Amino acid sequence: PPHLWSLVSRLLAAHWSSAMGSMLSGGPEPDFVQGANAQLRKGTRVQTQYTVDEGGDGRWFCGVVKRMYQNGNVTVLYDDGDKWKGSGIYVYSLQGPPPN
């Protein structure tokens with residue numbers, strides 16, 4: 001019947017849209033990601049260093065973890081409004097031991 005195909009079509013479209021949205025956003029967030037000195041969670045206050053190798057001047061910048069990814073990456077929103085996405089192993093929690 002036509003109405004059954006319409007229902008199946010809408011269900012498949014909704015499932016596809018949800019699956020694609022999850023893939024594009026990096027999937028479900030883990031509970032934590034391992035940082036340089038502690039486990040990082042969404043909302044954790046952190047700092048990262050803008051290294052000379054990256055074109056920076058070696059200064060440290062503070063921010064907050066906004067998103068975590070299954071592959072160990074995090075998105076940091078810095079206090080100055082800048083954003084960065086990269087590996088959690090380069091991110092220091094302000095509550096953990098300080099960098100060497």
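**View 1. Strands β4 and β5 pair in the antiparallel sense in this predicted model.** Strand β4 covers residues 60-68, and strand β5 covers residues 73-78. Five bridges join the two strands. Within this pairing, G63 stands opposite Y78 of β5.

**View 2. Five strands form an open sheet.** The strand order is β6-β5-β4-β3-β7. Pairing in the sheet is antiparallel. Strands β6 (83-87) and β7 (92-93) are the edge strands. Each of these two pairs on one side only. In the strand order, β4 stands between β5 and β3.

**View 3. One aromatic pair is counted, and its members are W60 and Y92.** The ring centres lie 5.5 Å apart. The ring planes meet at 80 degrees, so the pair is edge-to-face; the cut-off for that class is over 60 degrees. W60 belongs to strand β4 and Y92 to strand β7, so the contact ties together parts that are 32 residues apart in sequence.

**View 4. A lysine charge sits over a tyrosine ring.** The residues are K85 and Y69. The charged end of K85 is 4.2 Å from the centre of the Y69 ring.

Notes
Residues numbered from 1 in each chain as written. Predicted model: local features only at pLDDT ≥ 70, side-chain atom pairs only at ≥ 80, totals over all residues. Heavy atoms only, no water. Pairing = 2+ DSSP bridges. Helix = DSSP H or I, 4+ residues; strand = E, 2+ residues; numbered from the N terminus. Phe/Tyr/Trp six-rings, centres within 6.5 Å; stacked < 30°, edge-to-face > 60°. Lys NZ or Arg CZ within 6 Å of the ring centre and 35° of its normal.
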